[in-house]
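Try each task before you read its solution.

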Amino acid sequence: MSTKSAEEALEYLERGELNRVIAETNQNEQSSWSHTVFWINIEIKTTNESGVEKSWTSMLNLVDLAGSEAVSKTKANGIRFWEGSNINKSLLALSKVIHRLSTNSKGKIFINYWDSKLTWILQPALGGNSQTSI
């Protein structure tokens with residue numbers, strides 16, 4: 001979806017937050033059971049005095065990861081157990097990718113972004129000439 005203002009972008013962010021899965025556990029009254037990825041593509045266009053248009057693009061990813069909670073502490077079962085297991089798998093895959101990127105100074109180590117949907121979605125933000133802040 002395209003926006004022309006920060007206010008519109010915040011509306012989309014708030015709408016996405018309404019779709020977030022939150023449930024109570026033995027550890028937290030409100031525990032997040034889903035990751036949230038909010039992509040913002042920024043495009044700046046300028047036109048010089050000669051009428052030549054230049055543009056710059058950048059992508060900003062805002063990521064809120066679901067918490068990793070031990071089953072023994074949350075006493076999760078059924079669907080919550082399954083969801084917790086998937087959260088932990090995706091967080092493990094993300095940590096493996098980050099570790100391999102940090103030790104891959106010569107670009108010779110294969111980095112498997114395909115282990116989880118999370119790492120596959122975040123691939124452009126993790127490698128290449130991206131800058132990541134955690």
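**Exercise 1. Find which exposed residues sit on the face of H4 turned away from its buried side.**

Step 1. Start with the buried residues: in helix H4 (residues 117-126) these are Leu118, Thr119, Leu122, Ala125 and Leu126. Buried means under 20% relative accessible area, exposed over 50%, and partly exposed in between (1.4 Å probe, protein chains only). Helices (H or I, at least four residues) and strands (E, at least two) are DSSP runs, numbered from the N terminus.

Step 2. Look down the axis of H4: its buried residues fall within an arc of 95°, so they line one face of the helix. The arc is taken from the directions from the helix axis to the C-beta atoms. An α-helix has 3.6 residues a turn, so residues three or four places apart point the same way.

Step 3. Now turn to the face away from the buried side of H4, where you find the exposed residues Lys117 and Pro124.

A word on the source: this is a predicted model, where local features need pLDDT of at least 70, side-chain atom pairs count only at pLDDT 80 or more, and totals for chains, interfaces and linings use all residues. Residues are numbered from 1 along each chain as its sequence is written, and side-chain values use heavy atoms, with hydrogens and water left out.

**Exercise 2. Describe the secondary structure of the protein and say what share of its residues is buried.**

Step 1. Count the elements: there are 4 helices and 4 strands.

Step 2. For burial, 23% of the 134 residues count as buried.

**Exercise 3. Find the side chains that meet in a salt bridge.**

Step 1. Recall the rule: a side-chain nitrogen of Lys or Arg lies within 4 Å of a carboxyl oxygen of Asp or Glu.

Step 2. Apply the rule, and the count comes to 1 salt bridge.

Step 3. The partners are Glu43 and Lys45, at 3.9 Å from N to O.
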